[in-house]
Amino acid sequence: MTTTQTTCRKCGNCCKKGGPALHTQDLPLIRNGKIPMSALITIRKGELAHNPVTGLQQVSVELVKIIGAGRQWNCCYYDENDGCTIYDHRPHACRLLKCWDTQDILAIIEKDTLSRFDILDPDDPLIPVIREHERICPCDDLQEIRENIGQLSDKKKKELEKRVRDDLRFRTRIIADYKLKLNKELFCFGRPFFQLLQALGVGVSESGAGVVLRW
Ligand code: SF4
Ligand code: SF4
């Protein structure tokens with residue numbers, strides 16, 4: 001089918017599929033407060049995330065994205081009546097996204113993207129904490145888990161349950177020590193590991209022994 005569209009109709013459909021990943025060109029927007037850190041969420045390397053063109057796929061580099069509105073995928077800056085509420089200061093990816101011609105946006109996916117370490121001050125005491133979290137709670141095996149979800153060994157399931165508990169324990173301690181609000185936690189550590197497993201269909205419940213995974 002040939003598309004006749006040549007301009008943006010401002011329908012907002014692209015803004016309802018999740019906030020954009022930020023690129024190096026967007027750093028001034030964060031530095032000057034147009035897009036505050038509280039509006040950002042980290043997608044850690046290895047997570048499965050929505051790609052604006054290809055759909056759900058594992059990310060090969062860390063991404064920092066604009067957070068959704070509440071529990072919705074909608075970009076937090078999208079308003080049903082007014083459209084983009086930061087239009088003049090919208091990120092690089094939003095400027096390039098043309099749903100009728102994806103060449104430009106495809107060319108920048110996972111290229112020159114910002115990570116937590118580009119955004120935080122080099123002396124920020126949370127930097128070593130983030131590195132420690134990456135060590136105790138990696139997520140580089142999510143694609144493998146997704147592909148083998150029905151055949152995981154008991155050993156692997158136990159290891160994943162331990163990772164979920166370690167992640168929650170770590171977050172609880174750091175949130176208390178650094179008095180972190182939820183949005184700063186999501187920027188520093190991304191989504192809790194149990195949520196990443198839930199997205200793969202794994203059941204999560206609490207027992208006296210802590211979090212239990214149901215396969
Ligand atoms: S780029 Fe396409 S999907 Fe996004 S607002 Fe414009 S017309 Fe709608
Ligand atoms: S920043 Fe604006 S243009 Fe970009 S996804 Fe959000 S609402 Fe849409």
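Predicted model: local features only at pLDDT ≥ 70, side-chain atom pairs only at ≥ 80, totals over all residues.
Residues count from 1 along each chain as its sequence is written, while chains are lettered from A and ligands numbered from 1 in the order written. Local features need pLDDT of at least 70 and side-chain atom pairs pLDDT 80 or more, whereas totals for chains, interfaces and linings use all residues.

Select ligand 1. Around it are Cys8, Arg9, Lys10, Cys11, Gly12, Asn13, Cys14, Leu97, Lys98 and Cys99, each with its C-beta atom, placed from the backbone, within 6 Å of the ligand. This shell has 5 nonpolar, 2 polar and 3 charged residues (Ala, Val, Leu, Ile, Met, Phe, Trp, Tyr, Cys and Pro count as nonpolar, Asp, Glu, Lys and Arg as charged, the others, Gly among them, as polar).

Next, select helix H8, residues 182-189 (helices are DSSP runs of H or I, at least four residues, numbered from the N terminus). Phe187, Cys188 and Phe189 are its buried residues (20 or more other C-beta atoms within 10 Å of their own; exposed means 12 or fewer, partly exposed in between). After H8 comes Gly190, with a positive phi near 70 degrees.

Finish with two loop residues. Asp112, between helix H3 (103-108) and H4, is not a glycine but has a positive phi of about 50 degrees. Lys179, in the loop between H7 and H8, also has a positive phi of about 50 degrees. Lys179 is exposed, with 8 other C-beta atoms within 10 Å.
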